[in-house]
Amino acid sequence: MARKTKKQRLEEQRVRQAAVRVARMMLWLAIRDAHAEAAKQRSQRPHDLLCGILVDCLKTQGFDVRETEDVYAKLEAKYRTQQMPCRIKRHIGRSSDDAAASGI
């Protein structure tokens, strides 16, 4: 099997990074939704339910339960108070369609 070119490796890395960003955003949205629901219900149950689902899924993939719960607790505390889980990437330019639509 031939070695991948540098261009192929960089493209695969870019795709992986995009997938990680999407997953991070989805987790942030789920945690924010669970936090809002918990406040509405005055209960910790939505957080516990989300944590349980994530831990069960990761456990079936072979991840350590205790470590997963610890990481979730840290992310939950961080994402509960954070506007967004990432910074705006100003160096990533807009497409010409986006620029035209916004009047730029």
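Predicted model: local features only at pLDDT ≥ 70, side-chain atom pairs only at ≥ 80, totals over all residues.
User: How many helices and how many strands does the protein have?
Analyst: Reading from the N terminus, the elements go α-α-α-α. So the tally under the DSSP run rule comes out as four helices and zero strands.

User: What share of the protein's residues is buried?
Analyst: To count as buried, a residue has to be under 20% relative accessible area. The protein has 104 residues, and the buried share of them is 14%.

User: Which residues make up the largest nonpolar core?
Analyst: As background, nonpolar side chains in soluble globular proteins tend to be buried together. Here, helix 1 (6–41), helix 2 (45–60) and helix 3 (65–81) are the elements that each give two or more residues to the largest nonpolar core. That core has eight residues: W28, I31, A34, L50, C51, V55, Y72 and Y79.

User: Which residues does L50 touch, leaving out those up to four places away in sequence?
Analyst: L50 is one of the residues of the largest nonpolar core. It also belongs to the helix 2 side of the contact with helix 1. Beyond four places in sequence, L50 touches A30, I31, A34 and Y72.

User: How do helix 1 and helix 2 run relative to each other: roughly parallel or roughly antiparallel?
Analyst: Their axes sit 8 Å apart, and the packing angle is about 150°. Angles over 145 degrees count as roughly antiparallel. So helix 1 and helix 2 are roughly antiparallel.

User: Which residues of helix 2 meet helix 1, and how does that contact split by class?
Analyst: From helix 1 you get L27, A30, I31, A34, H35, E37, A38 and Q41, and these meet P46, H47, L50 and L54 of helix 2. By class, the contact of helix 1 with helix 2 comes to eight nonpolar, three polar and one charged.

User: Are helix 2 and helix 3 oblique or roughly perpendicular to each other?
Analyst: The axes of helix 2 and helix 3 come within 10 Å and cross at roughly 140°. The crossing of helix 2 and helix 3 is right-handed. Roughly perpendicular would need 65 to 115 degrees, so helix 2 and helix 3 come out as oblique.

User: Which residues of helix 3 take part in the contact with helix 2?
Analyst: The contact divides into seven nonpolar, two polar and three charged residues. Helix 2 brings H47, L50, C51, L54, V55, L58 and K59. On the helix 3 side, the residues are V65, T68, E69, Y72 and E76.

User: What is the orientation of helix 1 and helix 3 to each other?
Analyst: Here the axes come within 9 Å and cross at roughly 75°. The contact is made by R24, L27, W28, I31, R32 and H35 of helix 1 with Y72, L75, E76, Y79 and R80 of helix 3. By class, the residues of this contact are six nonpolar, one polar and four charged. As angles of 65 to 115 degrees count that way, helix 1 and helix 3 are roughly perpendicular.

User: Is H47 buried or exposed, and what is its relative accessibility?
Analyst: H47 is found in helix 2. Beyond its neighbours within four places in sequence, H47 is in contact with I31, A34, H35, A38, Y72 and E76. H47 counts as buried because its relative accessibility is 4%.

User: Is T68 buried or exposed, and what is its relative accessible area?
Analyst: T68 has its place in helix 3. Setting aside neighbours within four places in sequence, T68 is in contact with V55, L58 and F63. T68 is buried, because its relative accessible area is 12%.

User: What is the phi of R42, and is R42 buried or exposed?
Analyst: Most residues other than glycine have a negative phi. R42 has a positive phi, near 55°. You'll find R42 in the loop between helix 1 and helix 2. With a relative accessible area of 80%, R42 is exposed.

Methods
Residues numbered from 1 in each chain as written. Heavy atoms only, no water. Core = buried A, V, L, I, M, F, W, Y, C linked by side-chain atoms within 4.5 Å. Buried < 20%, exposed > 50% of the residue type's maximum accessible area, 1.4 Å probe, protein only. Contact = heavy atoms within 4.5 Å. Axes fitted to C-alpha atoms, helices over the stretch in contact; angles between N-to-C directions. Parallel < 35°, antiparallel > 145°, perpendicular 65-115°, else oblique. Left-handed = near helix turned anticlockwise from the far one by under 90°. Nonpolar A, V, L, I, M, F, W, Y, C, P; charged D, E, K, R; others polar.
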